[in-house]
Amino acid sequence: MTGVLVIEDDDRIRLALLLALEDEGYAARGAATAEEGLRAQRQDPADNVLVDLMLPGLDGFECIRQLRRDDDVPIVVISARDDTHDIVAALEAGADDYVVKPVAIKELSARLRALRRRARAAAPAVSVLTFGELEISPEAGEVRRDGQPVPVTRTEFRLLCELAEHAGRVLSRQQLLSRVWGYHTGDERLVDVHVGRLRQKIESDPANPRHLVTLRGLGYKLQR
Amino acid sequence: MRRLGLRARVTAGFAVGALLLAASMALVSYELTRRSLLDERERTALRAAYFDAAVVRTGLDAEAPDVAEVLRSLDTGGNRRPLLYRDDQWYLRTADDGLTAAVPAELQRLVRGGEPAVQRVRIDGQPALLVGVPVAEAVGYYEVTSLRELEETLQVLALALTAVAIVVAGSGAAVGWYATRHSLRPLTAVADAAEKIAAGSFTARLAPTTDPDLTRLSTSFNHMVDQLARRIERDRRFAADVSHELRSPLQTLSAAASVLANRREHLDERTALAAGLVADEVARFQQLVNDLIELARSDRPADRAPVDVAALAREACRSRSLPDALVRVAPGTATTWSVDRRRVEQILVNLLDNAVRYGGGPVAVRLARQGGTGVVEVDDEGPGVPVAEREAVFDRFVRARAAHARAGGDGSGLGLALVAQHAAAHGGRAEVGDRPGGGARFRVELPEALR
């Protein structure tokens with residue numbers, strides 16, 4: 001059974017989410033604070049984490065940052081706030097996806113499933129893809145830069161593989177959304193923030209990327 | 001009759017004022033000039049008459065004087081005509097052409113009494129000056145001086161003064177027109193700003209002025225706009241805040257309702273019915289809140305980027321379990337438009353939902369271009385929208401009559417209002433008309449979508 005950790009300070013929302021997620025076949029656990037959630041995740045890691053942004057004490061952004069430091073567990077933000085600022089900040093902190101309350105439980109479940117699917121990315125035919133100093137091993141789930149392993153999250157890795165499979169070709173934000181996140185239509189900021197995070201890790205000068213380049217109005221491309 | 005505008009009235013006032021002023025000045029100067037010229041002429045005529053009378057007196061002193069010869073000897077030029085009254089008889093240089101009759105009796109009486117006299121008369125309609133000088137007992141010398149030249153001079157002067165008065169009045173009107181344009185300029189600025197504000201641009205303000213007479217107008221106008229903008233912003237924020245506050249409890253309701261819905265078959269009939277109602281209404285509530293939030297923020301400008309609208313339209317059809325073959329692209333229409341993806345997606349989805357709910361399902365989604373404007377049309381086979389309701393359907397919380405609705409009132413009542421707002425955010429509009437062959441045709445224009 002897939003485990004979900006719900007970090008949400010509102011008791012009623014947490015209880016309702018746990019009930020509904022269990023109904024959907026998840027092993028759901030709750031935490032009322034970020035500290036409690038982080039402790040629970042360290043002791044007994046869940047397969048997915050749902051985080052509210054407005055938490056007492058440590059806030060949701062910091063919680064995501066700390067979760068991400070230990071782990072590449074898929075993190076979904078669930079928040080009543082939908083300001084661009086909050087969404088981008090949460091994604092930059094390391095979240096894989098976000099949903100705005102109220103979200104239908106079927107929709108939430110579909111998103112979690114999509115995240116799990118890409119966490120077990122289908123292996124491409126080639127074992128190692130090389131882009132200059134970058135080496136991507138889809139099967140091993142590894143990225144190396146100058147021979148040194150680069151720590152990437154599953155979503156970032158999936159995004160990198162998708163771009164590497166279509167090396168030298170432009171993929172639009174919508175194509176990436178549908179291939180990496182499984183969305184038919186969705187928020188393109190998701191792609192932009194993840195590309196930004198990936199650049200921080202794989203480019204020697206993230207402000208002037210050599211490999212992962214932007215084509216204005218078209219999308220992104222990975223080149224040698 | 002239409003009342004004259006402020007500017008026309010001020011201009012007319014200036015013109016009339018200038019005309020009055022110029023006319024009175026002209027009258028006064030005409031009168032002064034006329035008097036001084038006449039006085040001058042009178043003095044000259046008197047002097048000449050005295051001189052001539054002296055000559056006549058000398059001539060008459062001779063023995064058996066030839067009166068006609070004496071008169072002929074006078075050097076009178078062409079302007080003066082001498083007359084002599086002697087022994088109850090008139091003597092002239094030429095034949096009497098009624099000249100003697102023109103000499104007024106009063107003047108003759110004065111002269112006979114030994115007094116010189118001057119009088120203006122008209123002879124044959126011509127102005128003339130008649131001077132009478134007593135020469136001796138029962139002898140009067142008269143001289144007629146023509147004033148025709150003077151009259152002509154005065155006529156020319158009058159003409160010139162009239163012309164000047166007219167020109168001055170015209171100049172007054174011009175000054176009035178110019179001055180009002182200048183002084184009405186602040187009002188024009190106010191009107192421009194008000195129009196901009198009415199069009200929804202709450203950033204329009206009057207430029208601060210240094211003119212002490214206008215400071216109050218501009219500050220109070222700007223203050224009014226500030227207050228108005230603040231109130232609208234407050235209302236908007238209130239709607240948004242309420243909607244946001246509703247989100248958290250709705251999340252609980254939504255999750256709990258889905259648990260109930262999942263267990264419907266284990267519940268008794270009445271409880272299952274109630275659980276179904278709760279789940280359905282929570283879903284509708286959720287839609288309403290989302291639409292309200294969307295409406296609260298949809299007055300922001302469109303965030304344009306290249307979007308494959310045909311793909312978006314097909315996706316919208318699939319998301320509503322409709323065949324994507326409904327989407328038809330007019331020949332020669334590029335499908336990549338520069339539009340706000342999220343907004344156009346909502347336009348499509350809301351129009352499809354509307355067609356499903358009230359129009360018996362959509363029969364076509366058409367994409368076309370008109371110049372640079374992208375046009376989206378959604379056709380249905382429903383009863384259509386009556387002409388009287390065609391504007392109102394885009395208002396908030398207006399639903400088609402329940403009789404038309406397949407599933408009465410399951411929408412938020414905001415779908416078409418959002419369509420209109422999203423179109424407006426692109427500088428375009430949404431409208432509904434008849435579809436040829438029956439049904440309604442919703443049409444959304446998105447200007448500058450294509451280059």
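pLDDT is the predictor's confidence in each residue, on a scale from 0 to 100. That matters here, since what you're looking at is a predicted model. Chain A averages a pLDDT of 87, and 96% of its residues score at least 70. Among the elements of chain A, strand E1 (residues 3-7) of chain A has the highest mean pLDDT, at 95, while helix H5 (residues 105-119) of chain A has the lowest, at 81. As a rule, where pLDDT is low, the predicted coordinates should not be read in detail.

Now for where the two chains meet. Chain B puts 18 residues into the contact and chain A puts in 16. On the chain B side, helix H5 (212-262), strand E6 (305-308) and H7 of chain B each supply at least two residues. H5(B) gives the most, with 12 residues. Sorted by class, this side of chain B has 6 nonpolar, 9 polar and 3 charged residues.

H7(B) also has a partner inside its own chain. The axes of helix H7 (residues 309-319) of chain B and helix H8 (residues 341-358) of chain B come within 9 Å and cross at roughly 40 degrees. H7(B) and H8(B) are therefore oblique to each other. The crossing of H7(B) past H8(B) is right-handed. From H7(B), the residues in this contact include Val309(B), Leu312(B) and Ala313(B), and they face a set in H8(B) that includes Val344(B), Leu348(B) and Leu352(B). By class, the H7(B)-H8(B) contact has 9 nonpolar, 1 polar and 1 charged residues.

Here are the two contacts side by side, by residue class:

| H7(B) with H8(B) | 9 residues | 1 residue | 1 residue |

Chain B also has a sheet to look at. How many strands form it, and in what order? There are 5 strands in an open sheet, ordered E2-E1-E5-E4-E3 (chain B), with antiparallel pairing. Strand E2 (89-92) and strand E3 (117-123) of chain B are the edge strands, each pairing on one side only. On average, neighbouring strands of this sheet are turned by 25 degrees against each other, direction ignored.

At one end of that order, strand E1 (residues 80-86) of chain B and E2(B) pair in the antiparallel sense over 4 bridges. Leu84(B) has Tyr91(B) in E2(B) as its bridge partner.

Finally, helix H1 (residues 6-60) of chain B lies across E1, E3, strand E4 (126-136) and strand E5 (139-146) of chain B. H1(B) runs at about 40 degrees to E4(B).

Methods:
Residues numbered from 1 in each chain as written. Chains lettered and ligands numbered in written order. Predicted model: local features only at pLDDT ≥ 70, side-chain atom pairs only at ≥ 80, totals over all residues. Axes fitted to C-alpha atoms, helices over the stretch in contact; angles between N-to-C directions. Parallel < 35°, antiparallel > 145°, perpendicular 65-115°, else oblique. Left-handed = near helix turned anticlockwise from the far one by under 90°. Contact = placed C-beta atoms within 7 Å. Nonpolar A, V, L, I, M, F, W, Y, C, P; charged D, E, K, R; others polar. Pairing = 2+ DSSP bridges.
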